[in-house]
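Dear colleague,

Please find below the structure I promised to pass on to you. My notes on helix packing and aromatic pairs follow it.

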Amino acid sequence: MPTTILDLIDLRSFSSVWYWILLGVIWSRVLTYPMGIPVDMLRAARAEDPAARERLAALTEIMVSRHLAHLNGLGPILVGFWAFALTGLILLSVVYRVEFAQAILVLALPLALAAWITARGARHMAQAQMTVDDLPRALSVLRWKLHALALLAVFFSAIWGMYYNLSAVML
């Protein structure tokens, strides 16, 4: 008979299929919409379609200005929140060895890096004042950086999850 709410909720993460589904959905979303721009729009613009390039330029201008407005307005608050949250997760993961905190950490830390890469890309695009012809390449570079990060994040999550599950079996 469960006595607390934690007895009802299974906090084992690395052995749960829901954790791995969530990991796949999150990274799929990040990679499908880098900086909020759909990949199919990027592909159409790279195919030398002038109308698609104009639509891409308009959407990129909107998304870059949105990102910069968030960075300029809420940037310090967001950095403080992420620093606090990640520090708490690191402490719970390393010092107290809480599996749920470890699982959230291997999700949140790469997502924070993805947000930083996206913010740098937005600043670069705003400062360089790119033309319509330069945008597909710049967005493709951003997309490939996010792909590399996602590959490393999923690989590390899988390795850490296997290590955690195997070490739990050995005890």
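In this predicted model, helix 3 passes helix 4 in a left-handed crossing. Helix 3 spans residues 39-46 and helix 4 spans residues 50-94. The two pack at an angle of about 135°, and their axes lie 8 Å apart. That angle makes helix 3 oblique to helix 4, because an angle counts as roughly antiparallel only when over 145 degrees.

On the side of helix 3, the contact is formed by M41, L42, A44 and A45. These residues meet A52, R53, R55, L56 and L59 of helix 4. Seven of the residues in this contact are nonpolar and two are charged, with no polar ones.

The second topic is the aromatic rings, for which the count comes to seven pairs. One of them joins F14 and Y19: the ring centres are 5.4 Å apart and the planes stand at 75°, so the pair is edge-to-face, the cut-off for this being over 60 degrees. Both residues are buried, F14 with a relative accessibility of 3% and Y19 with a relative accessible area of 7%. Ring pairs also link F14 and Y19 with W20 and Y164 into a cluster.

A further pair, W160 with Y163, is tilted, with 5.2 Å from centre to centre and 40° between the planes. W160 and Y163 both belong to helix 6 (residues 135-170), where they are three residues apart, about one turn of the helix. W160 counts as partly exposed, because its relative accessibility is 28%.

With kind regards

Note on methods. Residues are numbered from 1 along each chain as its sequence is written. This is a predicted model: local features need pLDDT of at least 70, side-chain atom pairs count only at pLDDT 80 or more; totals for chains, interfaces and linings use all residues. Side-chain values use heavy atoms; hydrogens and water are left out. Axes are lines fitted to C-alpha atoms, for helices over the stretch in contact, and angles run from 0 to 180 degrees between N-to-C directions. Helices (H or I, at least four residues) and strands (E, at least two) are DSSP runs, numbered from the N terminus. Angles under 35 degrees count as roughly parallel, over 145 as roughly antiparallel, 65 to 115 as roughly perpendicular and the rest as oblique. A crossing is left-handed if the near helix is turned anticlockwise from the far one by less than a right angle, and right-handed if clockwise. Contact means heavy atoms within 4.5 Å. Ala, Val, Leu, Ile, Met, Phe, Trp, Tyr, Cys and Pro count as nonpolar, Asp, Glu, Lys and Arg as charged, and the others, Gly among them, as polar. Rings of Phe, Tyr and Trp (its six-membered ring) pair if their centres lie within 6.5 Å; planes under 30 degrees apart count as stacked, over 60 as edge-to-face and the rest as tilted. Buried means under 20% relative accessible area, exposed over 50%, partly exposed in between (1.4 Å probe, protein chains only).
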